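We'll go stop by stop, selecting as we go.

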Amino acid sequence: MKVLLVNPPRFNGIPVIREERCEITERYSVLEPYSLLQIAAELRHRGHLVHLVDLNGFNLPYNRLVSELKRISPEAVIFRFTPTTFDWDMKTAEIAKSIDGEIKTIGICWTLRTMHEIVMANAPHLDIYVRHEYETTIPNVIDTISSATELNSVKGIAYRDKKGIGVTHDANSLFNYDSLPLPAYDLLPNLNPYFVTAPAGKPFTIMYTSKGCPFRCSFCTVAGTAWKPRSAEKILEELRFLKEKYKIRTVSFFDETFTLDRKRVEKICKNLIEENLDIQWYCNTRAHLVDRDLLFLMRRAGCTGISYGIESGSQKILDYCDKSLKVEQGKNAINWAKEAGIKTFCSFILGLPGEDWSTINETFKFVNETLPTSAQFNVAVPYPGTRLFEQVKKEYPRDFDFRLLYQDDAIVGTESLSPADLNRARKMAYKILYFNPNWWISNIRHVMRNPKDLQLALVYALKIADNYLIHGMKHAH
Ligand code: SF4
């Protein structure tokens, strides 16, 4: 089959991240559509003819999609969409159908996987909604369409046919993540547009070394999903390729919990040290899944930044949301990383059940004590399919419009705090960090010890000024 993969354009000029657990607008990051590159590689491997256009990355308008559709004449168009950019992203399907009504339009979105009926009702030009496990589902969908068989045997989808809307069971996870071919980077003209948080350290890419997370945090859309690791050998193969082909300098391992398997991380680090690829990398993980020795090893292997989901400085809130983390473990993880020379990016959520001003003050105290290199302060978002969603639905019965699920604008409060209070607390949190002279001193010290980070520090300081003073911390962190 001839397939066109589309990353839709930016939303009101703001870049959009359309990757599984991270389906959001983010003013200061432009990520390549990694999951579409994975899909492209797998479809090619199965003999399909694949094209890709990254309108978001290269900041191109929908007009470009029109010309690509006319040039390529695909039989299927596959794109990702997010809750808050839903109507905008769905124009992809509408445009495809307007050019050729026979094109199969296939949309992927993880966050709305439990709301397939509402998705299909709101997306009249969408033929197939891939709501679960795109790695296994998309190849099955395309193989099924190309063999002209019924879609009801394909797991993980909702679909429209002459009889109405059909929905199938959840799909199986990809059992062997190593079996995926190298993502089809060649479908991108270059890696020039891509960066995370601030445009430094390019060429840059994101990369999954594993997917999924077995932990059960009540607010998280990937909680309790199967962990699918890639082997150290496969990871090195991709990094080697990126170094040779693109002279890559920075990689963000986009996994939810990079250090879940300590032995695997040790092996990756040892291989990186032996090969001396000179790639700096970032990763995300849980604070209790690191220790001092591991962080020093990671630093030697090129890790220069680590993202921890700290969520709260209050043990009560951490316990209520089943974070399975002690406040002390968060503090240790930040301090050890700093000792190792690794920058710490910490995310916090304001407004989880039980939150009041006293617990918010505990979070502010935590931030003041630990001074992470940078922080994201989000308001709690009741994403469908999470336990938080169920709790909120019970306590605040009302209809949700998924288009309003922003992490920077609360739609629900807690028993003690209104959504307006939470938005205010969010701004206060940024002020507490950015206006703390010790935070500036600590970051200046870091740059003096790590002069390679000077460019990043400068663009980051400009970003803070732009974000705080001009954009009021909207659509960004
Ligand atoms: S540890 Fe992180 S990825 Fe895993 S369930 Fe909790 S918030 Fe989600």
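In what order do the strands of the open sheet of seven run? Select them and read across: β4-β1-β5-β6-β7-β8-β9, with mixed pairing. Strands here are DSSP runs of E of at least two residues, helices are runs of H or I of at least four, and both are numbered from the N terminus; two strands pair if DSSP finds at least two bridges between them. β4 (49-54) and β9 (164-167) stand at the edges with a single partner strand each, so one side of each has no neighbour in the sheet. From one strand to the next, the twist averages 20 degrees.

Before moving on, some housekeeping: this is a predicted model, where local features need pLDDT of at least 70, side-chain atom pairs count only at pLDDT 80 or more, and totals for chains, interfaces and linings use all residues. Residues are numbered from 1 along each chain as its sequence is written, and side-chain values use heavy atoms, leaving out hydrogens and water.

**Stop: T105**

Pick T105, in strand β6 (residues 104-108). T105 counts as buried because its relative accessibility is 0% (buried is under 20% relative accessible area, exposed over 50%, partly exposed in between, with a 1.4 Å probe and protein chains only). Show its contacts, meaning heavy atoms within 4.5 Å: leaving aside residues up to four places away in sequence, T105 touches V77, A93, A96, K97, H125, L126, D127 and I128. Its side chain also reaches the backbone nitrogen of D127 at 2.9 Å. V77 is worth a click too, as its bridge partner in β6 is T105. Strand β5 (residues 76-80) pairs with β6 in the parallel sense over five bridges.

**Stop: the helices on the sheet**

Now colour helix α5 (residues 134-146), which packs on the sheet and touches β1, β5, β6, β7 (128-130) and β8 (157-161). Its direction makes about 175 degrees with that of β6 (axes are lines fitted to C-alpha atoms, for helices over the stretch in contact, and angles run from 0 to 180 degrees between N-to-C directions).

**Stop: β16**

Finally, jump to strand β16 (residues 343-350). Seven of its eight residues are buried, so β16 is largely enclosed by the rest of the structure. Six bridges join it to strand β15 (residues 303-311), running parallel; look for S307, whose bridge partner in β16 is F345. Six bridges also join β16 to strand β17 (residues 374-379), again parallel, and there F348 has F377 as its bridge partner.

Methods. A polar contact is a pair of N or O atoms within 3.5 Å; within protein, one must be able to donate a hydrogen and the other to accept it, and residues adjacent in sequence count only if both atoms are side-chain atoms.
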